[in-house]
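Reader: Please walk me through this model. I would like to learn how to read its features.

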Amino acid sequence: MTLHCKKISFMLIFVIPSLVPCKPYRISSSSLLPMLKLSRTYIPCIRKDKNTKATTTSKLKASLKVSPGKASPLGVSEVENGINFAIFSKMHLLENVEALGTNMIEIVLDPSKNKTGDIWHICVEGLNSGIHYGYRIDGPNAREEGHRYDNSTILLDPYAKLVEGRRYFGDSKNKISKFLGTYDFSADAFDWGPDYKLPNIAEKDLIIYEMNVRAFTAHESSGLDASIRGSYLGVIEKIPHLLELGINAVELLPVFEFDEMEFQRRPNPRDHMVLIFIILDFSFFPRYASNGGGPQAASYEFKEMVKALHHAGIEVILDVVYNHTNEAGGFVTSFRGIDNKVYYMLDFKKNARLLNFSGCGNTLNCNHPVVMELILDSLRHWYHISEAFFIIPCGWLSFDLASVLCRGTDGAPLNSPPLVKAIAKDPVLSRCKIIAEPWDCGGLYLVGKFPNWDRWAEWNGQYRDDVRRFVKGDPGTKGSFASRVSGSSDLYMVNNRKPFHSINFVIAHDGFSLYDLVSYNVKHNDDNGEDGRDGSNDNFSWNCGHEGETDDIKIQGLRSRQMKNFHLTLLVSQGTPMMLMGDEYGHTRYGNNNSYGHDTAINHFLWHQMEERRSTHFRFFSEMNKFRQKHCILGRDRFLGKKDVTWHEDNWTTLRASSLHLHGNTMYSLNKTILITYVFSPRLHDEKLGNDIYLAFNAHDYVVKATIPSAPNNKGWHRVADTNLESPDDFIAEGIPFCETVYNVAPFSSIILQAKPK
């Protein structure tokens with residue numbers, strides 16, 4: 001359909017909030033290490049009463065001067081003669097301008113002056129910071145042809161770096177909040193400090209902690225002032241906990257603009273919950289600012305958080321979402337109203353319905369040139385270190401449902417997806433570490449096969465499944481378990497890929513918590529409002545003899561042992577380990593394996609429980625993390641060779657296991673059928689120092705007598721860990737001498753022996 005259109009409506013909305021300073025919140029120095037110094041105390045602001053008089057629209061409009069502007073960069077930028085606005089859209093039809101109210105000004109663009117290709121642009125002189133702006137775009141609303149234009153809808157700029165809207169998370173009084181772009185070019189450049197530098201921890205040395213900013217400190221048991229609970233500043237207060245845990249990287253679940261109240265806009269089964277469907281990937285999530293401070297405060301406080309984490313030696317990984325947005329059903333916020341056919345994958349055989357490979361109702365058309373450039377611009381924005389107000393230095397990016405990035409505009413899988421290659425080859429992103437979640441909800445499972453150009457790491461879903469199955473005692477899993485623990489060479493020893501390209505995990509934000517993995521055989525998702533239909537049915541979990549909570553001491557002990565087995569396995573595996581927030585104290589969601597929408601204790605970190613278990617469960621997890629950091633042979637930058645490991649097995653296909661030594665990383669009979677085998681005991685060699693490590697895993701329900709090999713010359717074995725023992729004997733960092741030739745490995749338990757000087 002060819003349109004002969006005359007105009008696009010570009011609307012600047014001058015709802016200029018009068019601001020008053022709130023009580024400043026100063027970070028408690030007593031809770032931070034001396035090295036964590038904030039740039040300055042930030043004083044957030046709140047809006048004055050609605051009756052406060054603001055600059056009149058007529059006076060403001062009279063003071064503005066407009067000129068054609070320029071097509072680059074997209075979004076809002078400060079230029080010599082004013083503020084430049086630029087947006088992509090093929091549609092440009094708006095004949096009659098409606099009355100928009102006393103607090104809005106609309107400027108109609110002339111295609112002969114304000115259009116270059118498909119980019120519309122204008123420069124406005126006389127605007128101050130704090131202006132809220134949006135776009136109105138008209139065109140055909142022919143849904144069967146993929147168009148969703150509506151000139152009554154004010155659209156959010158896809159390139160907006162700051163977004164104004166609801167200021168407090170989950171504010172039920174402000175459910176129907178309008179999200180508008182804003183900017184602040186008058187703010188001082190953020191002071192990163194003269195000694196600031198990225199931690200730049202090698203990939204092989206990382207221990208990743210996946211966490212949600214709000215859930216980490218939202219609960220009152222955090223002990224924080226109510227004004228900073230669930231905020232970026234709240235994370236700063238808890239850095240000592242992260243250091244004590246022994247992790248050195250945090251992967252932050254999305255910190256970008258989303259409408260958490262979308263579920264509650266209309267009756268539906270989940271209208272009692274909050275939502276995290278991304279609106280934009282350029283703007284900080286403003287409701288993580290302290291005390292309702294708004295987008296400018298969020299930008300500042302986010303950087304304070306990153307700066308403090310980096311000073312503590314903790315890397316920051318951003319979980320980025322480029323597979324879907326919030327615009328499903330009839331909801332239009334931005335992209336659909338700008339150019340639905342460009343930004344989303346559509347099924348034109350079914351009246352141009354949105355294709356849904358994300359499970360969220362739509363799928364971004366990632367390999368369309370316009371969308372690809374938007375994603376690259378967004379990534380450069382988050383990664384690049386600059387003195388500009390908006391930019392923050394995060395050297396790691398993790399891509400949610402990254403297989404969507406491997407689909408063409410029709411949804412078909414691509415062998416060499418342009419976007420994935422462009423990210424890998426982009427000069428600005430060349431020093432950025434990139435991680436793929438290599439699957440989507442359309443069945444495109446690419447674990448070990450994600451197009452990588454030797455740069456992309458992957459969440460190793462096969463590791464999760466194989467380790468879960470072995471530890472709970474499934475038959476025929478010893479060979480696959482050995483493959484995962486030794487770095488998944490069957491998946492990643494291709495071209496120049498390394499063991500650390502495997503992000504190993506047992507638990508992630510989707511699915512069971514670690515405690516629930518050993519406490520529930522099936523999901524219990526009734527609280528989600530969908531009659532238990534949501535969430536995965538394939539969890540490879542085992543309740544240890546009782547479904548859910550129990551007072552049975554034996555079952556409680558077995559569950560504790562199994563959680564320690566999982567964490568020990570994760571931390572001694574070659575590759576990059578990732579654990580989930582809350583697993584360090586045994587957080588439960590009571591069997592809910594799809595709890596993302598609950599802003600309650602189901603998802604909140606419960607600090608009182610953490611304190612109750614500090615000397616037991618937490619201690620073991622913390623000690624295991626620190627043990628890995630101290631022993632480089634547990635995190636190699638190359639796959640295991642013949643001199644690196646000895647396997648003490650006589651047959652990989654029977655129940656019996658004794659003393660056959662197998663060397664290298666290809667001896668697992670990967671192409672053979674493994675029958676019922678449970679016990680697994682490799683020995684890792686430290687050629688430089690002779691500090692060999694012996695590991696044994698017993699997934700039987702009976703004791704296995706493991707024959708212990710001789711220690712290296714002038715060394716003796718010391719027991720470091722035995723998950724069958726109670727705290728503090730379950731982990732002793734300095735080790736206890738073990739001089740026997742046989743170790744009785746208890747049912748469902750694991751041990752670590754380390755060679756040390758006699």
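**Cysteines, helices and a loop residue**

Author: Cys632 is exposed, at 54% relative accessible area. Buried means under 20% relative accessible area, exposed over 50%, and partly exposed in between (1.4 Å probe, protein chains only). This is a predicted model: local features need pLDDT of at least 70, side-chain atom pairs count only at pLDDT 80 or more, and totals for chains, interfaces and linings use all residues. Residues are numbered from 1 along each chain as its sequence is written, and side-chain values use heavy atoms, with hydrogens and water left out.

Reader: Is Cys544 buried or exposed?

Author: Cys544 is buried, because its relative accessibility is 6%.

Reader: How many disulfides does a search of the whole structure find?

Author: A disulfide is a pair of cysteine sulfur atoms within 2.5 Å. The search of the whole structure finds zero.

Reader: Why is helix 7 described as largely enclosed?

Author: Helices (H or I, at least four residues) and strands (E, at least two) are DSSP runs, numbered from the N terminus. Helix 7 is largely enclosed by the rest of the structure because eight of its nine residues are buried. Among them are Phe335, Ile338, Val342 and Tyr343. Contact means heavy atoms within 4.5 Å. The cover over the buried residues includes strand 6 (82-88), strand 16 (346-347), strand 17 (353-354) and helix 8.

Reader: How do the axes of helix 7 and helix 8 cross?

Author: Axes are lines fitted to C-alpha atoms, for helices over the stretch in contact; angles run from 0 to 180 degrees between N-to-C directions. The axes of helix 7 (residues 335-343) and helix 8 (residues 369-383) cross at roughly 120° and come within 9 Å. Helix 7 brings Phe335, Val342 and Tyr343 to the contact, and helix 8 brings Val370, Val371 and Leu374.

Reader: What is the angle between helix 10 and helix 14?

Author: Helix 10 (residues 461-471) and helix 14 (residues 553-572) pack at about 140°, with axes 11 Å apart. The two helices are therefore oblique to each other. Angles under 35 degrees count as roughly parallel, over 145 as roughly antiparallel, 65 to 115 as roughly perpendicular and the rest as oblique.

Reader: Where is Leu606 found?

Author: Leu606 is in the loop between strand 22 (576-580) and helix 15 (607-612). Leu606 is buried, with a relative accessible area of 8%. Not counting residues up to four places away in sequence, Leu606 touches His219, Ser221, Tyr585, His587 and Ala601.
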